[in-house]
2 protein chains.
Amino acid sequence: MELPALNNQQKRVIIVGAGFAGIRLAKKLSSRYFQVILVDKHNYHQFQPLLYQVATSGLEPSSISFPLRKIFQSYAHVFMRITEVLSVDTGNHEVTTSAGTLPYDYLVLAYGATTNYFGNANLQKHAYAMKSVAEALLLRNTLLRQLEDALTVSSDEERMALLNVVVVGGGPTGVELAGTLVEMKNTILPKDYTELNFKQMRIILLEASPKLLGAMSAESGEKVAGYLKQMGVEVLTGVAVKDFDGQAVSLSDGSIIRSKCLIWAAGVKGFSLPGIPAPSLATNERILVNTYNEVKDMPNVFALGDIALMQTDAYQRGHPQVAPVAIQQATLLAQNLKNILENKPMKPFVYNDQGSMATVGKNKAVVEIGNLKLGGFFAWLIWMAVHLMSIVGVKNRIFVFLNWVWHYFTHDPSLRLMIKPSERKN
Amino acid sequence: MELPALNNQQKRVIIVGAGFAGIRLAKKLSSRYFQVILVDKHNYHQFQPLLYQVATSGLEPSSISFPLRKIFQSYAHVFMRITEVLSVDTGNHEVTTSAGTLPYDYLVLAYGATTNYFGNANLQKHAYAMKSVAEALLLRNTLLRQLEDALTVSSDEERMALLNVVVVGGGPTGVELAGTLVEMKNTILPKDYTELNFKQMRIILLEASPKLLGAMSAESGEKVAGYLKQMGVEVLTGVAVKDFDGQAVSLSDGSIIRSKCLIWAAGVKGFSLPGIPAPSLATNERILVNTYNEVKDMPNVFALGDIALMQTDAYQRGHPQVAPVAIQQATLLAQNLKNILENKPMKPFVYNDQGSMATVGKNKAVVEIGNLKLGGFFAWLIWMAVHLMSIVGVKNRIFVFLNWVWHYFTHDPSLRLMIKPSERKN
C-alpha cells in the first residue's frame, strides 16, 4: 500500500501496537530522521487499567479510549494504518497487513499480551476475559443480561447461576472487579431490581496461590482480603479452577459453584506472528529481547512492553507486565535508535520501579512505593490521582473525574446500558 | 413468566415500548389502581432526536440513552421486562414474549415506527438507517472505517466512493446529518487524515420533493438550503433515489453517484405484530386508533405515538410522528384509563402543536412557533435549550452540555472511535 515518501536520509520505523509503548515511541521518534508508521487493529488507544470500570458500568468506553489520529495531529512524521498485521518478513524488511504490505527500516513489536487460559479450551470458550474495551463491553452486557434473565427463570437454582459471579485471579484486576461487583450488589442493584433477592447473589474471588496481590507484600494482600470480605466478597485462596462449562465452575478442592459468568483474570501470555522464528520466543510466547530490546535472531526488529521478555539478574523471569515498563522501554528505545543513526553505542534498559497499587472500592486501596506501604482513604486518593493523570486527553480526564465524583455521591453512574452496534452492511 | 401480584382491585397495564409515550404513560399510571409492566427490547430509553450526533461522533450513545430501571426506581408499581414481544392474543388478554407470556387487563402499543424503504429490497440491504442507537453506532463505525480504507485503496475512483456520503431525505434528520458531516469535512477530518485530499469528498443531500423541511414553511426550507450550500453540501431537490447496490447510487434523473455510504432518512412506517387483525392497520402499517387512542377492532388495546394513526379533521393523514404528539397522547390516556375505572367518559385527543425546528450546524438553525419564524444564532440557542431539557437524566444533560461546549470551541469531541463489543459467549 502507498505510504508517504521519506525525507532525505529519513528512516521508516513501523510500530505494531498503539499501547503505552507504541504511543510513547511514536511521539519520541517523529522527526526528520524518523518516519513512523503506527499500525493497530483499533483506531484508538485503550487505557487498560480502567477496563474493569467499563465492564461494571462505571465508565463509558470512550472515557478510557482515545482516538489515535487525535493523539498525533501535531506530529508531522507519524502516520497510521488501522489494520491487522498478518506476518513479518525480516528478509525483505516488510510486514504484511490485511490492507497490504509495508516496508520498514526498523520494526518495533509492541502489540501487548493476551489472556492465558493455560491450554484449557473450555475456559477459552466460556470464560469472560477483560483485555480490551470490546471484551469489557461484552462482560458489561452479559452481567446486565443475566440480571434481566434472573427475573424470568422459574427455579431458584437457575436464578442463582445467573446471579453468581466468579472472578478468577487475585491480582489487581481481579481484586478491583470483585470489589466493584460487590459494591453494586450492596448499593444500586437492589434499587434497580426490586423483584430480586440479592441474598441469592454471590461474588466469589478465586486465587490459586495462598495470597492476593502476589506482586505486593503479604501485608497489602491481607489488607485487601480483609476489605473484600468485609464488603461481602467470598475470597478463596489456594483454590484453582479445574473446569467451566458455561453453567458451573469445578474447583480443585472438588466443590462446584453454579454460575454462568466466570471472569478470567488469572494470567496473560504472549503470542507470535508468522515470520517470528521459534528461537525468538519464550515458552509463554513472549518475544525474547536483550537489554536493548533487540529481538533475538531478528535483525532491526525490537520488542517493547508486555510482549517483550527481557531476562536480567534483577528480573530473571522478565519485568512485570505493567505500563511503566512499557513507557520506560519506549523512551529508551527512541534514544537508542537515534544513537544507532549517530553511530553511538546503545544504552541498556534498567527498570525504575515506581511502586504498585490496587483499589478495592470507595475509600479503599493499597499502595506500595519502595518501603512505604499505605492503605485506606489516603491510598485510594493516590490511586485515583495516578490513574487520572495517566489517562490520555484532557477531555477524558474531565469526564472520568466527573463520573467518579457522580459515582461517589450517588453510587449510580447511569451507565447500565446494553448497547451493541447493528450488523455491518456493505 | 412470573409477575408481581396485583393489589386489591389493581388493573395490570402492559406497555410495549419505552419511547416517549411509554415512559410518560408508565409514570402517570403507577398507583394502587394500576400495575404497569413495561416491555422493551432494550434496557434503556433512547432520545432519537440526537441520534445523528451519535452517528457523527459528536455524542456518546450513553449520553442520549437512559437506563429504564433508573427512571422507575421510585415508581413502586412499574415493573420491567427486557424482551421482545412476539404476538398479541386479545381473546386471552395476553402477549407472548421471547421470555414467556404476560396477561393484561389493558394493553398499550407504543413501539414506534421503523424505516420505510418503500419496498426497495436493495435499499433495505445496503442503505444505513438511523432509527436506533445500534444503527447510529453502525453508521459511525462505517463512516470512520471508510476514511481508513480510503488511505489504502489504489484508485481515485475507489477512494471517492469511500469518501462520498449521500444523505437521502430533506427532513430534520437529513438536514442535521448533512450539516454535521460537512462541518466535519471542513474542520476536523483534514487534521485527522493529513494524507487525504478532502476536495475528493462530497456530501450530498437528496430530497424527492421540491423543498427541504416539508413540515415547515417554504421560507425556513429555503433558509436551511442556503445554510447547507454555503457550508459545502450539494443540495439536490426534486430528485429521488432509484437504486443503490452498496457501491453507487442511481438517481431518478439518470445520473449516478459513486458512494459506499447512503444514509436513508426518507421516511418511516409502522409495523404489525401477529395477533393484530388486518382491519386495524392502515396501508403504511400504522395502527388505526380513534380519538381516544383505542385500537380499531381490539378491545382494551390502545396505541400511542409514532405507531398510532389517528385521523381527524385537522390531521386527515394523522399527526406528525414527533415526541410531543406521543407525550400528549400518553398523558391523556393515563387520564382516560382512570376515567374508565371511575365510569367517567373519556376525553378525545386534541394536539397542541408547539412548533418545529431543525439545526444545520454551529450557530445555524430554524425555529417555527405558531406564526413566529426564527433563523440563525438565536434559533440555534432555542434548539439547544429545547433538546437539552428533553433529555432524560440530570447527568446526561450535564454531559451532553459539556460535550457541546467542548465541541463548540474545539470542533473535536474526541469520540471518533470504532468500538464494538466482542461476540456473545454462554
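**Helix packing and chain contact in a predicted two-chain model**

In chain B, residues V175(B), A178(B), G179(B), V182(B), E183(B) and N186(B) of helix α7(B) meet V224(B), L228(B) and M231(B) of α9(B); contact requires C-beta atoms, placed from the backbone, to lie within 7 Å. This is a predicted model, in which local features need pLDDT of at least 70, side-chain atom pairs count only at pLDDT 80 or more, and totals for chains, interfaces and linings use all residues. Residues are numbered from 1 along each chain as its sequence is written, while chains are lettered from A and ligands numbered from 1 in the order in which they are written.

**Helices α7(B) and α9(B)**

- Helix α7 (residues 172–186) and helix α9 (residues 218–231) of chain B pack at an angle of about 20°, with axes 9 Å apart.
- The angle makes α7(B) roughly parallel to α9(B), a description used for angles under 35 degrees.
- Helices (H or I, at least four residues) and strands (E, at least two) are DSSP runs, numbered from the N terminus.

**Relation of the two chains**

- Chain B is superposed on chain A by a rotation of 180° with 0.0 Å of shift along its axis (RMSD 0.0 Å), fitted by least squares on the C-alpha atoms of residues with pLDDT of at least 70 in both copies.
- The two copies are thus related as by a two-fold rotation axis.
- K420(B) is the residue of chain B that comes closest to the rotation axis, with its C-alpha at 3.3 Å.

**Interface**

**Buried positions**

- L109(B), in strand β9 (residues 106–109) of chain B, is buried, with 31 other C-beta atoms within 10 Å; the cut-offs are 20 or more for buried, 12 or fewer for exposed, and partly exposed in between.
- Not counting residues up to four places away in sequence, L109(B) touches V16(B), I287(B), V301(B), A303(B) and I307(B).
- In helix α6 (residues 156–163) of chain A, R159(A), A161(A), L162(A) and L163(A) are buried, and their cover includes α5 (133–150) and β16 (256–258) of chain A.

Definitions and conventions. Axes are lines fitted to C-alpha atoms, for helices over the stretch in contact, and angles run from 0 to 180 degrees between N-to-C directions. Angles under 35 degrees count as roughly parallel, over 145 as roughly antiparallel, 65 to 115 as roughly perpendicular and the rest as oblique.
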